[in-house]
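Here's a quick tour of what stands out when you look over this one. Have the structure open as you read.

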Amino acid sequence: MRQEVRWRRNRSIAGRSGRVGERNWLGYLYLIPGLVMYVAFGLYPLADTVHYSFYDWSGFGDKLFIGLRNYATLVHDEIFRQAIFNNFILIFFYTVLPILLALFLTVLMTARPLPGMTFFRTGLFIPHVIPMVVVGITWRWIFSPVGGPLNVALRAVGLHDWAKAWLGDFTWALPAIGGIGTWVMYGLCMVLFIAGVQNIDETLYDAAKIDGAGVFRQFRYVTLPGLHHQLMVALILTSITALRAFDVVWVTTRGGPGNSTMVIGLQMYRHAFPLRNVGYAASMGIVMTVLILVIWVAILAVDQRLRREWA
Amino acid sequence: MMVHLYWLNLCRNWRRYLLLMVFLFVAIYPLVDIVLAAFKTEAGLARGPFALPAEWHFDNFTRLWKGGAFADYFRNSVVIIIPVVLGSVILSVLSGYAFGRFHFWGSRVLSYMFLLGIMMPYQAMVIPLYYNLRAMGLIDTYGALILPLIGLSVPFGTLWMWGFFREVPQELIDASVIDGCTTWSALWHVLLPLAGPAMLALAALLFVWNWNEFLLALVLLPTNFTLPVGLAMFQGRYLAEVPVLGAGATVTMVPSLIVYIILQRHFIRGITGGAIQR
């Protein structure tokens with residue numbers, strides 16, 4: 001038997017095939033088609049964006065090398081600073097709020113699995129699979145000053161002063177867009193956490209109860225450590241979505257009124273295409289990518305540390 | 001007996017069910033409302049946003065097809081999504097197989113490169129994509145969107161399929177090797193028949209993400225719109241006509257919704273499970 005295998009292996013080295021799982025150049029053969037596409041349309045353009053960001057270029061004619069001057073301009077660009085600030089406000093609405101909300105609800109539903117959960121899970125997840133353009137149009141209607149459901153409902157319960165043109169208001173437009181993000185994200189977080197809680201060993205809760213732990217300490221010492229992986233996934237998914245925000249803003253406010261809802265993605269688009277400050281726009285794209293990288297690495301680092309502490 | 005247990009469960013957990021109902025309602029009410037608006041007239045809408053349509057109107061959809069060129073947008077989206085999903089799944093299976101079942105020099109570095117690919121925002125690529133594809137004369141052709149969407153779907157797909165191939169017991173492969181299988185026939189006859197659910201989940205995720213894609217479609221097909229871009233542009237002109245907009249929104253979201261509902265188990269596992277494990 002062993003002889004047989006060796007023989008076939010030898011034959012394979014002679015050229016016909018290779019043994020799966022061994023050091024083997026055939027791996028490259030399977031890898032190359034996908035890798036070529038990814039390099040051509042992912043990594044190469046990324047490198048190009050870095051390259052563009054050192055130039056002054058209108059999209060036509062010659063590029064003018066200006067070193068880091070685009071980045072220097074960014075630092076003093078009032079609108080860009082506003083955009084970064086707004087993106088971080090959005091992180092609060094896309095990440096912090098949905099996660100807290102979902103954690104709270106998960107605790108209320110802890111441990112015992114409920115029959116019919118699949119139905120709720122399916123429904124709660126729906127906002128996440130709808131195109132952001134549709135989400136934007138839907139909420140534009142919800143917030144609409146003319147017959148929009150939110151204002152109609154507010155007036156119906158007597159809160160006439162609260163009714164307003166939410167997306168046209170300097171103070172309220174950004175929180176309104178943030179609210180849309182919360183709406184998209186809380187179902188995702190709930191589904192994640194509920195799935196996670198159901199994987200926690202129930203005897204841990206029993207043990208905690210015997211030790212006299214109340215609801216809060218059960219949460220702190222059993223639920224939270226049990227959910228650390230889901231928490232990390234939720235943090236990464238939602239904060240990256242907040243930093244990338246573009247479609248929703250485009251459809252609801254286009255950055256207005258004024259620049260009160262301007263975000264990095266939209267400002268980059270404006271400079272790249274209508275305004276043709278291609279190099280400058282490229283530097284914004286790079287800043288966004290670096291921000292996302294930093295957040296990703298920071299979350300992973302915190303997760304590593306917590307895993308050690310909670311283990 | 002079953003019915004009895006059902007009521008027992010409902011009674012014992014009614015508070016939790018109530019809470020879930022409230023949050024479920026908040027999650028889907030806005031969408032139900034915009035779909036309802038699609039079947040109303042302007043006058044019907046004025047009767048209040050919470051009312052059901054007095055009679056179900058289909059004029060708004062007809063107007064989309066006649067005046068809004070939505071037939072073209074729909075066709076564009078379909079013609080683009082099919083090769084994107086098929087192409088990405090095929091390439092991802094191949095490269096996932098490479099990572100999961102072969103040891104080769106540089107595989108570690110290459111896997112980090114793919115990991116980078118699932119977190120890079122499209123904003124980091126969109127500008128050069130536009131200028132490079134313009135230089136090739138592809139802007140506004142289907143290829144201008146199909147090729148980048150495949151290239152940018154491959155990193156996630158590869159890591160996804162890698163996760164699957166890693167789980168397959170080595171004995172299965174060994175057995176096939178003893179039978180004299182080439183690596184190709186081991187993939188084709190042994191692994192792929194097992195990979196059905198994983199591939200289906202991947203296809204569902206890629207369908208929804210790419211169908212919903214906005215930024216790349218907006219930039220790379222500046223006049224030949226896909227559904228989401230067409231809808232966004234349409235909104236610019238018909239801002240006040242909520243019923244027509246509702247019809248457009250309905251048409252745009254329904255394909256994603258259908259794929260999601262049919263494959264929801266796979267879909268949720270796709271997002272909550274594999275995606276970013278370690």
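A crossing of two helices is called left-handed if the near helix is turned anticlockwise from the far one by less than a right angle, and right-handed if clockwise. Keep that in mind for the contact between the chains in this predicted model. Helix H2 (residues 26-52) of chain A packs against helix H5 (residues 70-101) of chain B, with the axes 7 Å apart and an angle of about 135 degrees. That angle makes H2(A) oblique to H5(B). As for the hand, H2(A) and H5(B) cross in the left-handed sense.

Now for the charges. Side chains of opposite charge can pair when their charged atoms come close. How many salt bridges turn up over all chains? The search of the whole structure gives two:

| Salt bridge | N to O distance |
|---|---|
| B:Arg63 with B:Glu241 | 2.9 Å |
| B:Asp72 with B:Arg75 | 3.6 Å |

B:Arg63 sits in helix H4 (residues 59-67) of chain B and B:Glu241 in the loop between helices H12 (227-237) and H13 (242-262), so this pair ties together parts that are 178 residues apart in sequence. B:Asp72 and B:Arg75, on the other hand, are three residues apart in helix H5 of chain B, or about one helical turn. B:Arg63 is partly exposed at 39% relative accessibility, and B:Glu241 is partly exposed at 25%. B:Asp72 is partly exposed at 37%, as is B:Arg75 at 46%.

Last, the greasy side of things. B:Trp14, B:Leu18, B:Val22, B:Phe25 and B:Val26 make up a nonpolar surface patch, together showing about 500 Å² of accessible area. One of them, B:Val26, belongs to helix H2 (residues 14-38) of chain B and is partly exposed, at 37% relative accessibility.

Key. Residues are numbered from 1 along each chain as its sequence is written. Chains are lettered from A and ligands numbered from 1 in the order in which they are written. This is a predicted model: local features need pLDDT of at least 70, side-chain atom pairs count only at pLDDT 80 or more; totals for chains, interfaces and linings use all residues. Side-chain values use heavy atoms; hydrogens and water are left out. Patches are made of residues with over 30% relative accessible area and no salt bridge: like charges are joined within 9 Å, nonpolar side chains (Val, Leu, Ile, Met, Phe, Trp, Tyr) within 5 Å. Accessible areas come from the Shrake-Rupley method with a 1.4 Å probe; for residues, only the protein chains shown count as cover. A salt bridge is a side-chain nitrogen of Lys or Arg within 4 Å of a carboxyl oxygen of Asp or Glu. Helices (H or I, at least four residues) and strands (E, at least two) are DSSP runs, numbered from the N terminus. Buried means under 20% relative accessible area, exposed over 50%, partly exposed in between (1.4 Å probe, protein chains only). Axes are lines fitted to C-alpha atoms, for helices over the stretch in contact, and angles run from 0 to 180 degrees between N-to-C directions. Angles under 35 degrees count as roughly parallel, over 145 as roughly antiparallel, 65 to 115 as roughly perpendicular and the rest as oblique.
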